[in-house]
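I set down here what I looked up, entry by entry.

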Amino acid sequence: SGTESTTGLDAQSTVTVDGRKALAARIVAGRTESKYHPLPWVGQKVSGVTCPSGLKAVAGASITCTGRTGDGKHVDIPVSVVKATATSVTWKFER
């Protein structure tokens, strides 16, 4: 479906959230925006995706990112961790 991604946890992509390793919000937002495809009822690409915090490297952790359609409508994008190891996070977003 193209909504799942595995990202390495390295010095450039890792932050700390609640004392745990997390994937930086800017990485989650950028990857989500680049992979998000228009839905038939939205009809437009989503831009300006932002995430409220990093995505904790813990299976089941989740955040809700937001974006905007070309006509300015707000879109919530749920993001969750599928699998996490000491060196990478596999995560997905919902359309």
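Which residue stands opposite L55 in strand 5? I worked from a predicted model, and there I found L23 facing L55.

I traced an open sheet of three strands, ordered 2-3-5, with antiparallel pairing. Strand 2 (14–17) and strand 5 (55–56) are its edge strands, each pairing on one side only. I then looked up how strand 3 (residues 20–23) meets strand 5: the two pair in the antiparallel sense over two bridges.

Entry on L55. I set aside the neighbours within four places in sequence and listed the remaining contacts of L55: A22, L23, V28, A61, S62, I63, V79, V81 and W91.

Entry on the core. I noted 23 residues in the largest nonpolar core; V28, L55, C65, I77, V79 and W91 touch the most other members. At least two residues of this core come from each of helix 1 (25–35), strand 6 (62–68), strand 7 (74–84) and strand 8 (88–93).

Entry on S13. I located S13 in the loop between strand 1 (4–8) and strand 2. Is S13 buried or exposed? I count S13 as buried because its relative accessible area is 5%, and the cut-off for buried is under 20%. A polar atom of the S13 side chain lies 2.7 Å from the backbone oxygen of G8. Leaving aside neighbours within four places in sequence, I recorded contacts of S13 with G8, A22, L23, A24, R26 and I27.

Methods. Residues are numbered from 1 along each chain as its sequence is written. This is a predicted model: local features need pLDDT of at least 70, side-chain atom pairs count only at pLDDT 80 or more; totals for chains, interfaces and linings use all residues. Side-chain values use heavy atoms; hydrogens and water are left out. A nonpolar core is a set of buried Ala, Val, Leu, Ile, Met, Phe, Trp, Tyr and Cys residues joined through side-chain atoms within 4.5 Å. Buried means under 20% relative accessible area, exposed over 50%, partly exposed in between (1.4 Å probe, protein chains only). Helices (H or I, at least four residues) and strands (E, at least two) are DSSP runs, numbered from the N terminus. Contact means heavy atoms within 4.5 Å. Two strands pair if DSSP finds at least two bridges between them. A polar contact is a pair of N or O atoms within 3.5 Å; within protein, one must be able to donate a hydrogen and the other to accept it, and residues adjacent in sequence count only if both atoms are side-chain atoms.
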